[in-house]
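Let us walk through this model from the whole chain down to single side chains. Keep the structure in view as you read.

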Amino acid sequence: CPASEGCDADTLRLAFARLRRAGVLDVDAAGNAGPQCGTVADPPAIYADVVSVAATTNANALAGFSGRGPVTRDGSGLLKPDVSAPGVSIRSAVPGGGYGLLSGTSMASPHVAGVAALLWAARPTLRGNFALTRCALTASAARTVTDPTGQSCGGIAPTVFPNAAAGAGLVDAAAAFALADADGDGAPDVCDCAPADATAFAVPEDDWGLRFGGATTLVWSAQAATAGSATRYDVVRGNIAGLPAGAPSAVCLLRRGAATSLEDAAAPTPGRAFFYVERAVDVCGGDYGRASSGATRPFTACD
């Protein structure tokens with residue numbers, strides 16, 4: 001979705017955020033606009049919710065055409081690409097039948113998608129978990145990629161990893177499989193916020209799923225699969241009039257509950273307006289999400 005085709009930087013942002021929420025790992029080419037810095041410029045490669053891939057030669061040198069970061073188009077300054085893979089003279093199926101040698105970051109990204117698929121087969125905990133999978137791919141990458149231009153994109157030298165040219169380095173399937181997992185929960189120790197606790201391995205994310213599943217029944221999304229079996233839930237209710245001020249009148253309806261539903265007899269009726277906020281927490285943390293300003297919402301009723 002390049003700017004030359006009229007695409008705004010945010011055109012696909014929500015779509016890819018929702019793909020991540022749905023457990024889809026999107027691996028994307030970083031683009032072929034290099035070698036200048038700031039040339040990872042087109043969606044979806046510029047998004048935080050995808051894994052962006054640079055292209056290397058068979059000598060582990062970054063290809064001249066491979067897009068470099070950081071991302072400047074949307075002002076995010078994200079350090080893209082995330083990782084590198086072979087992308088020069090790659091044997092590929094070609095239109096009309098047969099095979100040929102092609103070059104581009106689109107030749108590199110399938111290598112990373114393949115390694116991710118192998119990891120998901122070997123470590124079921126990683127399936128559908130973007131953060132853990134991305135961490136495993138980048139933590140195991142070989143820091144051997146060189147950049148013939150020698151430029152320090154975003155002020156990071158190409159000999160320092162991760163950088164804005166090669167990301168974390170060259171994808172390495174064997175090293176990814178070999179990442180240690182001391183507590184046996186399927187999350188590599190280097191990516192596990194509780195490496196000695198098999199019941200937790202990630203901080204629960206903001207939950208988009210709070211809703212009424214009936215006249216008085218609140219329901220929300222379970223996060224055990226993405227954060228660990230130790231995940232628990234807090235729910236607060238407050239008068240809608242207090243929301244702009246941080247809801248000082250909020251009361252705790254559920255504290256550290258294991259269920260993902262709650263009956264509230266005081267559910268909204270004509271003349272009564274409430275808001276509800278739910279958070280998932282585990283031994284690694286968790287919060288009530290963020291306000292439009294970016295600040296963490298401060299509900300202390302269940303603390």
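The expected span of a helix is 1.5 Å times one less than its number of residues. Helices (H or I, at least four residues) and strands (E, at least two) are DSSP runs, numbered from the N terminus. Helix H2 covers residues 105-122; its 18 residues should span 26 Å, and its end C-alpha atoms are 26 Å apart, which agrees.

This is a predicted model, in which local features need pLDDT of at least 70, side-chain atom pairs count only at pLDDT 80 or more, and totals for chains, interfaces and linings use all residues. Residues are numbered from 1 along each chain as its sequence is written, and side-chain values use heavy atoms, with hydrogens and water left out.

Now the whole chain. The protein chain holds five helices and 11 strands. Its C-alpha trace spans about 65 × 45 × 45 Å along the principal axes. Of its 303 residues, 44% are buried; buried means under 20% relative accessible area, exposed over 50%, partly exposed in between (1.4 Å probe, protein chains only). Contact means heavy atoms within 4.5 Å. Among contacts in the protein chain with a separation of 6 or more, 65% join residues 24 or more positions apart.

Return to H2. Its buried residues include Met107, Val112, Val115, Leu119 and Trp120. Helix H3 (residues 130-139) also has buried residues, among them Phe130, Leu132, Ala136 and Leu137. The cover over the buried residues of H3 includes helix H1 (13-21), strand E2 (51-56), strand E3 (83-86), H2 and helix H4 (173-177). At the start of H3, a side-chain oxygen of Asn129 comes to within 3.4 Å of the backbone nitrogen of Ala131.

What lies between H3 and H4? The loop there carries Asn163. Asn163 counts as buried because its relative accessibility is 1%. Its side chain reaches the backbone oxygen of Val160 at 3.1 Å. The side chain of Asn163 also reaches the backbone nitrogen of Ala166 at 2.7 Å. Beyond its neighbours within four places in sequence, Asn163 is in contact with Leu79, Pro81, Ile156, Ala157 and Pro158.

Finish at strand E5 (residues 99-102), which contains Gly100. Is Gly100 buried or exposed? Gly100 counts as buried, because its relative accessibility is 19%. Leaving aside neighbours within four places in sequence, Gly100 is in contact with Ile90, Arg91, Ser92 and Val94.

Methods
A polar contact is a pair of N or O atoms within 3.5 Å; within protein, one must be able to donate a hydrogen and the other to accept it, and residues adjacent in sequence count only if both atoms are side-chain atoms.
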